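Subject: Structure handover

Hello,

Here is the structure we spoke about. Please have a look, then read on for what turned up in it.

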Amino acid sequence: MKMSRFFVPTLKEDPADAEVISHKLMMRAGMIRKLTAGIYSYLPLGYRALRKVEQIVREEMDLAGAQEVFLPMVQPGELWVESGRWEVYGKELLRFKDRHDRDYCLGPTHEEVITDLVRRDVRSYRHLPLNLYQIQTKFRDEIRPRFGLMRGREFMMKDGYSFDVSDKAADVSYSLMWQAYKNVFARCGLRFRAVEADSGPIGGSFSHEFMVLADTGEDTVVACTFCDYAANMEKAEMGVPAPVPSETCGPMRRVDTPGASTIEDVSKFLNVKPEHLIKTLILRSERGPVAVLIRGDHELNLVKVKNHLNVMDLDFADSRTIEEVTGGPLGFSGPVGLKNVDLLADHAIRSIGCAVAGANEKDAHLVDVNPGRDFHVDRTGDFRCAMGGDPCPRCGGKLQLFRGIEVGHLFKLGEKYSEAMNARFLDAEGAEKPMVMGCYGIGISRTVAAAIEQNHDEDGIIFPPPIAPFTVIVTPVGAKDTEIEEAAEHVYAELWANGIETLLDDRDERPGVKFKDADLIGIPFRITIGKKAMAQGKVELRNRKTKKVELVDISAAVPAVKDRLEAWSAE
């Protein structure tokens with residue numbers, strides 16, 4: 001492809017509405033253009049990168065025994081009613097009616113459609129296992145779409161679904177997809193981590209996320225420094241501390257704390273560390289209010305509490321509910337004397353010993369409070385967010401926090417959809433059983449954006465070669481010098497003849513403009529052909545990542561690029 005004919009409208013300045021690096025650089029590099037909020041057009045450069053990721057995904061899915069299908073994006077509402085998700089999924093599901101007043105939605109995912117497809121034609125254990133996948137546009141009506149392709153409403157996704165005869169067989173399918181996903185992101189040239197995750201609205205018994213590690217990531221990855229344990233913040237566990245005996249604490253007593261309603265205020269007023277305070281948080285759910293105790297320096301994990309209670313809706317209670325439950329105002333709640341409410345305590349509460357807690361009355365707290373002696377909880381559990389330095393739940397080592405971007409998600413769905421939608425098969429004995437399902441997603445467009453978040457500098461994008469729109473850009477510099485132009489055309493043709501996708505910058509522009517654009521769009525290698533080097537029979541080969549420039553013989557330009565690509569692959 002020649003730059004003079006290539007539609008790549010680069011920008012000199014960052015768009016005003018772009019917040020994250022990938023959004024800014026993809027817009028400036030002429031890879032995408034915004035149509036409306038959260039919906040983007042892919043321009044030739046961006047679409048080439050997208051197709052590179054797609055191809056890697058297809059190859060690894062096929063190698064793992066999955067088969068590609070293509071399912072409708074428009075889905076009948078009756079299937080979602082049958083699965084039980086029509087009302088549960090939320091406003092992100094874009095619902096509409098056709099001319100016959102029938103309910104439909106734009107597919108954010110395809111569990112219902114694939115289950116309906118399989119239940120119609122698969123009736124025997126002889127047809128299982130079955131693993132089907134597709135690469136298709138999805139739509140989720142995000143309330144605040146932002147960050148370009150990182151959180152858009154319309155996006156490209158690979159979603160796959162496995163069907164098995166048993167849990168044991170489903171574990172095999174899950175493991176195959178786990179390995180395939182590791183292969184995908186390794187082949188894309190990305191630094192990533194597979195982490196335990198919460199299943200969320202899709203459901204299922206357990207799941208894992210694949211996170212691209214990037215300082216700009218919006219997700220937190222919790223990982224052990226000694227073993228392979230890793231999880232996202234919603235799922236991350238930590239070691240359980242030993243309880244402190246009650247005899248280490250003196251008698252509980254009430255103290256006045258005028259105006260001290262926050263952890264910071266109480267710590268400063270009473271001269272105690274936040275880790276010696278008990279936060280009593282009143283939450284509301286469809287079952288009524290619940291009180292959860294966590295240490296003063298910890299943060300509540302609503303997802304963990306929600307899963308523990310097995311409720312669909314859970315949030316912090318308003319001030320009126322707090323006063324009804326505790327008898328005191330917001331900021332002074334405590335566990336002592338609480339009645340007619342479920343009282344949950346995080347494991348860390350057991351290790352406080354002598355604690356400070358709200359007195360359930362304005363401007364008052366209790367000191368020397370001992371869990372187990374001065375109040376009793378209904379249940380203890382892991383209800384907080386992990387912190388750096390927490391003990392690993394697997395080996396006892398230390399946990400660290402990293403930033404990451406979710407690009408893939410694996411779910412073991414079990415019988416959630418097959419039971420609800422009657423997707424059953426006959427086993428070898430003729431008994432009818434529900435199929436055991438798995439679900440596997442990769443954000444194709446999000447992977448491209450995540451790659452840019454991980455690989456960029458002040459000059460622009462630094463694409464890993466496997467997903468770069470082009471591997472090499474040939475840049476002739478010289479005022480319409482015929483010899484230089486012919487040499488550039490020759491090198492360009494030779495690279496293509498050897499299977500190396502190459503862009504020729506044949507524009508009538510100054511060298512500085514060409515160099516800036518080459519750096520901006522992130523092509524891994526640049527071959528510059530100019531008078532000085534040509535006089536020696538050489539060209540300049542520049543590595544976009546290292547910025548190292550080498551002089552190589554013009555006849556050796558193709559072998560040199562191949563050598564550098566092999567060296568990159570071996571890193």
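How far is the sulfur of C105 from the closest cysteine sulfur, and in which residue does that sulfur lie? The distance is 15 Å, and the partner is C439; that is too far for a bond. A disulfide here is a pair of cysteine sulfur atoms within 2.5 Å. By this rule the count is zero disulfides.

Some ground rules. This is a predicted model, where local features need pLDDT of at least 70 and side-chain atom pairs count only at pLDDT 80 or more, while totals for chains, interfaces and linings use all residues. Residues are numbered from 1 along each chain as its sequence is written, and side-chain values use heavy atoms, with hydrogens and water left out.

Back to the cysteines. C105 has 0% relative accessibility, so it counts as buried. C354, at 28%, counts as partly exposed. Buried means under 20% relative accessible area, exposed over 50%, and partly exposed in between (1.4 Å probe, protein chains only).

C105 also belongs to a sheet. In β6, C105 is the bridge partner of Q75. Strands are DSSP runs of E, at least two residues; helices are runs of H or I, at least four; both are numbered from the N terminus. Two strands pair if DSSP finds at least two bridges between them. β4 and β6 (residues 103–106) run antiparallel, joined by three bridges. The open sheet has three strands in the order β4-β6-β5, with antiparallel pairing. β4 (74–76) and β5 (95–97) are its edge strands, each pairing on one side only.

Next, the cores. A nonpolar core is a set of buried Ala, Val, Leu, Ile, Met, Phe, Trp, Tyr and Cys residues joined through side-chain atoms within 4.5 Å. The largest has 59 residues, and M31 and F463 touch the most other members. Helix α2 (residues 44–63) gives the most to this core: seven residues. Another core, of 21 residues, lies apart from it; I484 and F525 are among its members.

M31 has contacts beyond its neighbours within four places in sequence, including Y42, A49, I452 and F463. Contact means heavy atoms within 4.5 Å.

Last, helix α7 (residues 302–309). Its buried residues are V303, K304, V305 and L309. They pack against strands including β14 (278–285) and β15 (288–295). N301 caps the N-terminal end of α7, with a side-chain oxygen 3.2 Å from the backbone nitrogen of V303. N310 follows α7, and its phi is positive, near 55 degrees.

Best wishes

Conventions:
A polar contact is a pair of N or O atoms within 3.5 Å; within protein, one must be able to donate a hydrogen and the other to accept it, and residues adjacent in sequence count only if both atoms are side-chain atoms.
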